[in-house]
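Let's take a quick tour of some side chains and helices. Have the structure open as you read.

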Amino acid sequence: VLAVPFGWMIPDMHANKQKADRSRSVVIDLPFFVDLLALSTQAGADFMSAIQKISDAAENSLLAKEFDKVIRDTRLGSTRTEALKAMSHRLDIPEVNSFVNVLTDADSTGASIGGVLKDQSEQMRLERFVRAEKAGARASQSILIPMMLFIMPAVFIMVFAPVGLQFYYGGQ
């Protein structure tokens, strides 16, 4: 009877862990991909050919596989906007949604994709820096309790034990 709730929850926990790992992988790879896309498009490459080159070069990357699906969808007749929105829907990650929205807005307004990608790349680098600062702040807060429980008592023993022993034995 007690194993039934665990058996019911374990698949959900496994699926949530897989989703978190997948999201983390995409979020880590996305700034690098956007940088390379910006460089390629500013160098004169077409957006889709830049995606193709970058996804070919990046092996074993989940984001590269998703970009391959975007290329495949465009070859099968979808527009670039539809293919990118489908990728955004599949991944359902805020950073990817933002990236896709910026690209579709640039397409609809006729703005330069290279400039938009460069701005997006700078924004992602800034967000990555802020995320790293937050992680550092959390690390310093999480180490406070073990330090108070284990390190501080050892320091007090080392500093005050000789004084206590001298006081107890009367200075002999």
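Phe33 is buried, as its relative accessible area is 3% (buried means under 20%, exposed over 50% and partly exposed in between, using a 1.4 Å probe and protein chains only). Keep in mind that this is a predicted model, where local features need pLDDT of at least 70, side-chain atom pairs count only at pLDDT 80 or more, and totals for chains, interfaces and linings use all residues. Residues are numbered from 1 along each chain as its sequence is written, and side-chain values use heavy atoms, leaving out hydrogens and water.

**Aromatic rings**
- You'll find 5 aromatic pairs here (rings of Phe, Tyr and Trp, the last by its six-membered ring, with centres within 6.5 Å; planes under 30 degrees apart are stacked, over 60 edge-to-face, the rest tilted).
- Phe32 and Phe33 pair edge-to-face, with 6.4 Å centre to centre and 85 degrees between the planes.
- Phe156 and Phe160 are stacked, at 5.8 Å centre to centre and 20 degrees between the planes.
- Those two sit 4 residues apart in helix 7 (residues 144–169), so about one helical turn separates Phe156 and Phe160.
- Phe156 is partly exposed, with a relative accessible area of 46%.
- Ring pairs also tie Phe32, Phe33, Phe67 and Phe99 into a cluster.

**Helix 2 meets helix 3**
- The axes (lines fitted to C-alpha atoms over the stretch in contact, with angles from 0 to 180 degrees between N-to-C directions) of helix 2 (residues 47–57) and helix 3 (residues 62–75) come within 9 Å and cross at roughly 140 degrees.
- That makes helix 2 oblique to helix 3 (under 35 degrees is roughly parallel, over 145 roughly antiparallel, 65 to 115 roughly perpendicular, and the rest oblique).
- Helices are DSSP runs of H or I with at least four residues, numbered from the N terminus.
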